[in-house]
Amino acid sequence: MNGSNIAGGNPKNGRAENDYYATNPSDTKEFLELIDKEYRLDGSKIIEPAAGEGHIVNVLKARYPHCQIISRDLIDRGIDEIESGVDFLSDNREEHYDFTITNPPFNIAKGFIDKSLKISDVAFIFAKLQFLEGVSRKPWFANVPLKYVYVYSHRANPWKNGQSTDENGKKWSSTMAFAWYVFDNSYTGSPIINWI
């Protein structure tokens, strides 16, 4: 068994182009219903720097009509409201946001979090639960303001290439576990685990 199988992947299906695994809108809604109790998002300034086709952005717009939402992505997927061609990690615009809310490519998630904490007060990051592992990430986690990890009690399945089903109309499924990570620049305690 190879590493991809162990991690919950299915190599016969191949990787999504540009590592594009969109967040199921219902998974975003479930998380926001919980986090709303603590963080006031409506009326805030939010950036989604890996917006894809707007799966997270559309949920934010519907839920928080008074927000200023900036949506960007490196890849142009034909959505007029999303500024394409923007590499978040090298974008040097001097901007500040209340929140960064995104599902970054897994292999550069750490860089996305570091950048998010420079330009925003709070970052909500959708990523594999496996992100908590790693020898190199252990000292990094000790120095970032991770406040919450919201783990899905059910299987959250991102949408490969932004599609809710595969080429046969079957919903995506895997053995990978996902969570929302809340990084808050004002927080100094140990991380708290919650469940969705």
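Ala, Val, Leu, Ile, Met, Phe, Trp, Tyr, Cys and Pro count here as nonpolar, Asp, Glu, Lys and Arg as charged, and the others, Gly among them, as polar. With these classes, the lining of the largest cavity has three nonpolar, no polar and five charged residues. The model is a predicted one.

The residues that line this largest cavity are Ile47, Arg72, Phe88, Asp91, Arg93, Glu95, Lys115 and Ile119. The space inside the largest cavity comes to about 40 Å³. A search of the whole structure for cavities of 30 Å³ or more finds one.

Asp73 belongs to strand S3, which covers residues 68–73. Its relative accessibility is 8%, so Asp73 counts as buried, the cut-off being under 20%. Once neighbours within four places in sequence are set aside, Asp73 is in contact with Pro49, Ala50, Ala51 and Gly52, and also with Ile82, Glu83, Ser84, Gly85 and Val86.

Gly43 lies in a loop, the one between helix H2 (25–35) and strand S2 (45–48). The relative accessible area of Gly43 is 53%, and therefore this residue is exposed, for which the cut-off is over 50%. Not counting residues up to four places away in sequence, Gly43 touches His66 and Cys67.

Methods
Residues numbered from 1 in each chain as written. Predicted model: local features only at pLDDT ≥ 70, side-chain atom pairs only at ≥ 80, totals over all residues. Heavy atoms only, no water. Helix = DSSP H or I, 4+ residues; strand = E, 2+ residues; numbered from the N terminus. Buried < 20%, exposed > 50% of the residue type's maximum accessible area, 1.4 Å probe, protein only. Contact = heavy atoms within 4.5 Å. 1 Å grid on protein atoms, 1.4 Å probe; cavity = no way out; pocket = protein on both sides within 12 Å on 5 of 7 lines; lining within 4 Å. Points joined across faces, edges and corners; volume = space filled by probe spheres on them.
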